[in-house]
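Biologist: I'd like to go through this one label by label. Can you tell me what stands behind each term you use?

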Amino acid sequence: MATVLTVVGILVFVVGLLISIAWHELGHLSTAKLFGIRVPQYMVGFGPTLWSRRKGETEYGIKAIPFGGYIRMIGMFPPGEDGRITKRSSSPWRTMIEDAREASYEELQEGDEHRLFYTRKPWKRVIVMFAGPFMNLILAFGLFLTVMMGFGVSMNVPTVSTVAQCIVKAGQPTDNCPAGAPQTPAAQAGLKPGDKILSFDGDRISTYDQLQADIRRSAGRTVHVVVDRDGRQLTLEPTIAVNDVQKYDGNDIPIKGQTVQAGFLGFTPASGVVQLGFGQSLDRMYGMTENGVKSLIALPGKIPGLWNAVVGDAPRDPDSPIGMVGAARVSGEVFSLDIPGTQRIAFFVNLLAGINLSLFLFNMLPLLPLDGGHVAGAVWESIRRRFAQLFNRPDPGPFDVARLMPLAYVVASIFIGFTLLVLVADLVNPVKIS
């Protein structure tokens, strides 16, 4: 049965990924048609075509490899300086440029002269190229809201799960107390598993984060803690100790290997599924987006760890990047877990939302061949033309993005190499969940 559920989880992920890709390309397609650009093809996937149908002037289809998609727009690049579409050269770099230029005019038909992508005003081109990633952002926003406000999220709650018997630094084992270790304030005050903390030193407690912040700033003080124990309210009076505790960043994300001295009570909170309000959901999504940007910036630093996970005996870091194969594997693993069906669905929806957020951030990098590269080209063209107007200079004309194709090939090669490394790591040393 577990195998069947694993396969179901992988298939559901593939379907969700295809929908996300189709949604992304729909953003490009709809805005291109809105601005009168001819679009010969709308394809979900890469490789051999499995199914296609022509409707009007556009061929719609699904290809065999479900890890991407594209639309073809006529005239992505302007003609060369001599006004020609093709100009052969012995230079390999020049050949790349002219091959890209020629490909963008491959399906040029009579009457298309005024329906070319590059002839549209820069702001229209920005909208067309931004629309795809923006659709991923909209989908991520909707899916995250569905999970946070509908299913709820698993988080620590202000209820005691276990009570530590002695004070040790963060990251050290608590099952065996070292000789001479002092007793924790929680144990001294008589805190017990199952106690729900209602107030801390007069502050009414609603979340564990609020309680944790109160404890950390109360070092050295004796405080009144009101708990609910089996329906009865009790008041305990612990003296908060000073200890080396886990350090968090501005978004309450633990910083690996870093501690800070702060107040310490000495208990482990229980976890529960909590439905968030709209404002709380927005705050959480903002933090996730900020962390997504930081993770994207830190991506090159993850390569050595990935390499060691593939060729060495190093364990796979849980924070290691995973590709679509790894994400599909995680989805299959979640569906096979012995947990309620609603939690399986919530985890999958959350995973799909995270992928859409990543697609938005990744595609907005100002590098060709990504959408952000074309956005940057259109913005630069607008800036050049505005400066020409201000200083009464001749119109410099459209910015020839095709000239950046050699750089685009380099970027694409790096992306392909990184994708293959992640793929191998996902197969031989995958990230696993508990």
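**Labels and the values behind them**

Modeller: Let's start at Asp201, which sits in the loop between β4 (196-200) and β5 (203-204). Keep in mind that this is a predicted model.

Biologist: Why is Asp201 called partly exposed?

Modeller: Its relative accessibility is 32%. Buried needs under 20% and exposed needs over 50%, so Asp201 at 32% counts as partly exposed. The backbone there is worth a look too: Asp201 is not a glycine, yet its phi is positive, about 50°.

Biologist: What makes Asn392 exposed?

Modeller: Asn392 has a relative accessible area of 72%. The cut-off for exposed is over 50%, so Asn392 is exposed. Asn392 lies in the loop between α10 and α11, and with a phi of about 55° it is another non-glycine with a positive value.

Biologist: And how do you know whether Met76 is buried or exposed?

Modeller: Met76 comes out at 15% relative accessibility. Buried means under 20%, so Met76 counts as buried. Met76 belongs to the loop between β2 (58-72) and α2 (92-103). Leu116 is 40 residues away from Met76 in sequence, but their C-alpha atoms are 7.0 Å apart in space.

Biologist: Why does Ala186 count as buried?

Modeller: Ala186 has 1% relative accessibility, and the limit is under 20%, so Ala186 counts as buried. Ala186 is in helix α4 (residues 185-189). Leaving aside residues up to four places away in sequence, Ala186 touches Val163, Leu191, Leu265 and Gly266.

Biologist: What does Val128 touch?

Modeller: Not counting residues up to four places away in sequence, Val128 touches His28, Thr31, Ala32, Phe35, Ile37, Met73 and Phe117.

Biologist: How do you know the span of α8 is close to what is expected?

Modeller: Helix α8 (residues 324-336) has 13 residues and reaches 18 Å from first to last C-alpha, against an expected 18 Å at 1.5 Å a residue. Its buried residues include Gly326, Ala327, Val330 and Phe335, and what covers the buried residues of α8 includes α1 (2-34), α9 (341-363) and α11 (405-428).

Biologist: One more: what kind of peptide bond joins Leu368 and Pro369?

Modeller: That one is cis, with omega about 10°. Pro369 is found in the loop between α9 and α10 (371-390).

Conventions
Residues are numbered from 1 along each chain as its sequence is written. This is a predicted model: local features need pLDDT of at least 70, side-chain atom pairs count only at pLDDT 80 or more; totals for chains, interfaces and linings use all residues. Side-chain values use heavy atoms; hydrogens and water are left out. Helices (H or I, at least four residues) and strands (E, at least two) are DSSP runs, numbered from the N terminus. The expected span of a helix is 1.5 Å times one less than its number of residues. Buried means under 20% relative accessible area, exposed over 50%, partly exposed in between (1.4 Å probe, protein chains only). Contact means heavy atoms within 4.5 Å.
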